[in-house]
Structure formats: structure tokens, C-alpha cells
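The sequence and structure come first.

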Amino acid sequence: MMDLDVDLLSLRIFLAICDEGSFAKAAHKLFLSEPAVSVRMRILEERLGFTLFVRSRGGAEPTHAGRSFQTVATRLLQELQDAVEETRATARRIAARVTLWCAEGTASYVLPELLPQFVEQHAHIEVVTRSGRPQQVLPDLIHGQLDCALYADLVVPSLKGYELTPCFRGPIGLALTPDHPLAARRCLVSEDLAGQRLLSNERTTGYLALVREALARHGVRPGEVYPVESLDARRVLCERGFGVAFFPLVTVLEAVARGELAFRPLELAPGRLVEVTTWFCFARTHTLRAELRDMRDLATASAVGLQAKVDAAVAAVGGGTLLIGADDARGRPRALDSETSATSPGTSALPTPG
């Protein structure tokens, strides 16, 4: 089989000779020596199996086969150049894409203000938002499937080598109808959950799972649990009195303000609410870390007004504002094992509201 291992430099030399009509002039144009050009053409002719030029004192004239090959070589180099440019453009698009994970409830409050400002500052960056199972967020960050996340947890997420910035915090509590017997309470205690029909996205994930873990450490087991995947569906079912559901206060603020729902925070001890903090997380070594820091700053700025609303709602029900402590969170199963994750140093909780 004929060896058609033709290199790009040989094709460029060949086309330069065709354009210049001389080996010497082609060598000068390409900053090569004339002997080097001659050797390249001899090897190219051997690999192609036909003569490309007829040389004379006046220069070099392409043969009939050389003229045909000139058309082919020109097309090949142009197609290669087009492919390279297209690939470069694709690479730039991929390099300038940021994938942000955000919980459904948080997204509706933070993203409408965050994204337009970020895109205005960084028009070259494409932002892709995702949501899904909270327990998958940390592994996806570690494995590069996410660039950043607005991730809610009762404790500081276990992520070594990541920047973790608290954006806002608020209590987790029960959303229920305003005429529900428990709505007469200022705050709820674990015993109030006995016999209640609880709605959750799943039995083992979401905010109910966080609360169940905290309650279990106090010897309390909630009763009947109905899995309802949709956040909006859980709100509507609560409004219609089908059951009660655990929500972060931020996700039901509007329904509470309209009088469609009542929200009662859960106390594990007097003045000690179960609270969740939403963190902006991304790797310190990320290629777009400067842009992600801009996104983080916009997220924290966007959350200022939201935090004020949460604090006002907490004050309205007269609840305490202490974050659930490390002792309460001890023993929680983590999304990652201890060898691949560690609490990031240099992080701090938000100032105590109120």
C-alpha cells in the first residue's frame, strides 16, 4: 500500500512553489533553506507516486499532475483551517461555560437578580443552571460536573480546596394552613410532629431528611410521610390542608405574606431553631475563579434583601435565631468520605440575625 503520510509543511511548501514559481523564492517566503525545500518535495513526490514539478533555470513549473494536486492540496488546507477555527470556537464556548446548581426554591428568589447582572458583566460566559438531588451536589462539584453551587446545609459543607461563602440563612419549619391547630403556636417542638401527615420530596432526601436526622438525635420520629416530588405541589397540598411539610422559610415567604400558609419554625430547645445556611461553593483552582468570585459577590448582594425578609418573618413569629450547633449535627452521614473531603478552613457563619 502506498505511503500517504503527507505532512502539512510539505503541502505548504508545495503550494508556495506553485505560487512563487521557484524553489528559491518559496524557501525565502517560508524562511527555509533551498536544499530543505528540495528534500521535502522529493520525499513528497515519492509518497504521492508522481512528479510535481519540472525544474529549469527559470524556476519550477507544476506538471499536469501537480496542477491537479494543487487544487486538492488547497482544498485540504482550507478544510483543515476551517475545522481548526470551528474547534477553537467550540473550545472557547466550553471554556466560557459555567454550570451552576441551585435548589428549586432558592433559584426562584436569587437567580432572577443574580443572572442578569452576571451576564451583563460577563457577556462571553454562558451560564447553565441545574437543580436536582441535593446529596449529589458535592460529588458533582468534586468531579467537575458542576462549576459552582448554591448549596444549603445545616452545617458547613465538607469540601477541601473550595471557597465557601454563606449567602443567607433561615429557619426550617412547618408550612401549614393558617387555621391548623399548630398555627396557634409561636414555635413548634419535636413532640408537635407526632401524628402529623408530613409531605416531602422523598423520605431520605431534602430538608425533611435533614430535620429527621436532627430529630432522631433527640429521640423523636415523625409519623406518616407522603412523598411528593414537586415543590409547588407540596405547597398547594399544605394550603388545602392535606398535610404539613418542612420548608426553609425562604421558599414559602410569598405564600405566608399572602396569608395562604402559616409558617412555624421548629425548636429543638428553647431559642434554638433548626436553621439552614445557603453557601456559594466553587473550587479555588477553577479556571474561571475570578468570574466565579464575581458571581459569588452578586449572589451575596442579591441575598441581602432576601435575608432581611427572612429576618422580619422570623421576628414576626417571635422565634429565636440560633443556628443548630455542631453537637446536633455530629454523626450526620456525609456525601463524601473523609479522605476526599474536609471542612474548608477560613469559613464563618453569617452574623446572627435580629
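In which sense do strand E1 and strand E2 pair, and over how many bridges? Strand E1 (residues 53–56) and strand E2 (residues 59–62) run antiparallel to each other and are joined over four bridges. Strands pair if DSSP finds at least two bridges between them. Helices (H or I, at least four residues) and strands (E, at least two) are DSSP runs, numbered from the N terminus. Two residues lie between E1 and E2, and the two strands form a hairpin. Within the pairing, valine 54 stands opposite glutamate 61 in E2.

The model is predicted, and local features need pLDDT of at least 70, side-chain atom pairs count only at pLDDT 80 or more, and totals for chains, interfaces and linings use all residues. Residues are numbered from 1 along each chain as its sequence is written, and side-chain values use heavy atoms, with hydrogens and water left out.

**Salt bridges**

A search of the whole structure gives 15 salt bridges, where a salt bridge is a side-chain nitrogen of Lys or Arg within 4 Å of a carboxyl oxygen of Asp or Glu.

| Glutamate | Arginine | N to O distance |
|---|---|---|
| Glutamate 46 | Arginine 42 | 3.3 Å |
| Glutamate 79 | Arginine 75 | 3.9 Å |
| Glutamate 275 | Arginine 169 | 2.9 Å |

For accessibility, buried means under 20% relative accessible area, exposed over 50%, and partly exposed in between (1.4 Å probe, protein chains only). Glutamate 275 is buried at 2% relative accessibility, and arginine 169 is buried at 3%.

Glutamate 46 and arginine 42 are about one helical turn apart because they are four residues apart in helix H3 (residues 34–48). Glutamate 46 is exposed, with a relative accessible area of 55%, while arginine 42 is partly exposed at 44%.

Glutamate 79 and arginine 75 are likewise four residues apart, about one turn, in helix H4 (residues 64–95). Glutamate 79 is partly exposed with a relative accessible area of 46%, and arginine 75 is partly exposed with 42%.

Elsewhere, Glu163, Arg293, Arg296 and Asp297 are linked in a network of salt bridges.

**Cysteines**

How many disulfides does the structure hold? The structure holds zero disulfides, a disulfide being a pair of cysteine sulfur atoms within 2.5 Å. Cysteine 167 is in no disulfide, and its nearest cysteine sulfur, that of cysteine 281, is 8.5 Å away. Cysteine 167 is buried at 8% relative accessibility. Cysteine 18 is buried at 12% relative accessibility.

**Surface patch**

Leu8, Leu80 and Val84 make up a nonpolar patch on the surface, with about 220 Å² of accessible area together. Patches are made of residues with over 30% relative accessible area and no salt bridge; like charges are joined within 9 Å, and nonpolar side chains (Val, Leu, Ile, Met, Phe, Trp, Tyr) within 5 Å. Accessible areas come from the Shrake-Rupley method with a 1.4 Å probe, and for residues only the protein chains shown count as cover. Leucine 80 is in helix H4 and is partly exposed at 37% relative accessibility.
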